[in-house]
Every structure is written in structure tokens, then in C-alpha cells.
Amino acid sequence: MKVQVRRVVRETPVAITTEFIKLESFLKLANAVESGGMAKNVIQDGEVFVNDEICTMRGKKLRPGDKVRFFGETYLVTDAAP
């Protein structure tokens with residue numbers, strides 16, 4: 001008997017109030033890292049994925065609809081406007 005395992009990917013929505021947010025700032029806003037220095041290190045070490053691709057640009061502009069994956073968590077950039 002084969003057992004099928006489905007991996008459920010939950011996305012944590014993180015609302016922004018501007019047109020875009022830089023990746024480094026987003027990680028801090030989402031509480032994925034404790035400091036800007038830690039954000040800089042994990043981004044430069046290639047540990048952060050943006051839309052399923054490794055991103056090493058701290059200044060990468062994220063807009064609503066973008067997905068960020070880091071340390072087993074997936075965050076969805078959303079628009080805070082109603």
C-alpha cells in the first residue's frame with residue numbers, strides 16, 4: 001500500500017502600505033529576522049527565495065503578489081489598502 005503525503009504550503013500574508021518594499025525591510029516587517037544585519041546576511045548567503053528563485057539582492061523591490069520563502073516559511077506580500 002502506497003501512502004501519499006501532501007505538503008501543504010501555508011502563506012503568511014504581510015501587508016505593505018506603499019507601492020513596494022525592499023526585501024531586506026520586508027524580512028524585518030514579517031518578523032522573519034531579528035535585525036537588518038541578520039537580513040543582510042541571510043540574503044547574501046542565498047537563503048531567501050523570491051517567487052521561487054534565490055535572491056541575493058537586498059534592495060529587491062517586492063510588490064503585492066510576490067512570495068518570499070525563508071527558513072521553511074512562505075510570506076505573501078499583500079496590499080494594505082481596502
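This is a predicted model: local features need pLDDT of at least 70, side-chain atom pairs count only at pLDDT 80 or more; totals for chains, interfaces and linings use all residues.
Local features were taken at pLDDT of at least 70 and side-chain atom pairs only at pLDDT 80 or more, whereas totals for chains, interfaces and linings use all residues. Residues are numbered from 1 along each chain as its sequence is written, and side-chain values use heavy atoms, with hydrogens and water left out.

The chain contains 2 helices and 7 strands, where helices (H or I, at least four residues) and strands (E, at least two) are DSSP runs numbered from the N terminus. Their pattern along the sequence is β-β-α-α-β-β-β-β-β. The C-alpha atoms occupy a box of roughly 50 × 35 × 20 Å along the principal axes. Of the 82 residues, 30% are buried; buried means under 20% relative accessible area, exposed means over 50%, and partly exposed lies in between (1.4 Å probe, protein chains only). Among contacts (heavy atoms within 4.5 Å) between residues at least 6 apart in sequence, 47% join residues at least 24 apart.

Five strands form an open sheet with mixed pairing, in the order E1-E7-E6-E3-E4; two strands pair if DSSP finds at least two bridges between them. Strands E1 (11-16) and E4 (53-54) are at the edges and have a single partner strand each, so one side of each lacks a neighbour in the sheet. The pairing of E3 (residues 48-50) with E4 is antiparallel and covers 2 bridges. Within this part of the sheet, Phe 49 is opposite Ile 54 in E4.

The structure has 4 salt bridges, each defined as a side-chain nitrogen of Lys or Arg within 4 Å of a carboxyl oxygen of Asp or Glu. One of them joins Lys 67 and Glu 11, with the closest N and O atoms 2.7 Å apart. Lys 67 belongs to strand E6 and Glu 11 to strand E1, so this pair ties together parts that are 56 residues apart in sequence. Lys 67 is partly exposed at 37% relative accessible area, and Glu 11 is partly exposed at 32%.

Another salt bridge links Glu 19 to Arg 63, with 3.9 Å between the closest N and O atoms. Glu 19 is in the loop between E1 and strand E2 (21-22) and Arg 63 in the loop between E5 and E6, so the pair ties together parts 44 residues apart in sequence. Glu 19 is exposed, with 57% relative accessible area, while Arg 63 is partly exposed, with 35%.

A salt bridge is also present between the side chains of Asp 52 and Arg 69 (3.4 Å, N to O). Asp 52 lies in the loop between E3 and E4 and Arg 69 in strand E6, 17 residues apart. Relative accessibility is 63% for Asp 52, which counts as exposed, and 33% for Arg 69, which counts as partly exposed.

Asp 66 lies in the loop between strand E5 (61-62) and strand E6 (67-70). Asp 66 is buried and has no salt bridge, the nearest side chain of opposite charge being Arg 63 at 6.2 Å; Lys and Arg count as positive and Asp and Glu as negative, with His and the chain ends not counted. The side chain of Asp 66 does reach the backbone nitrogen of Arg 63 at 2.8 Å. The side chains of Asp 66 and Asn 51 form a polar contact of 3.0 Å, meaning a pair of N or O atoms within 3.5 Å; within protein, one must be able to donate a hydrogen and the other to accept it, and residues adjacent in sequence count only if both atoms are side-chain atoms. Neighbours within four places in sequence aside, the contacts of Asp 66 are with Asn 51, Lys 61, Tyr 75, Leu 76 and Val 77.
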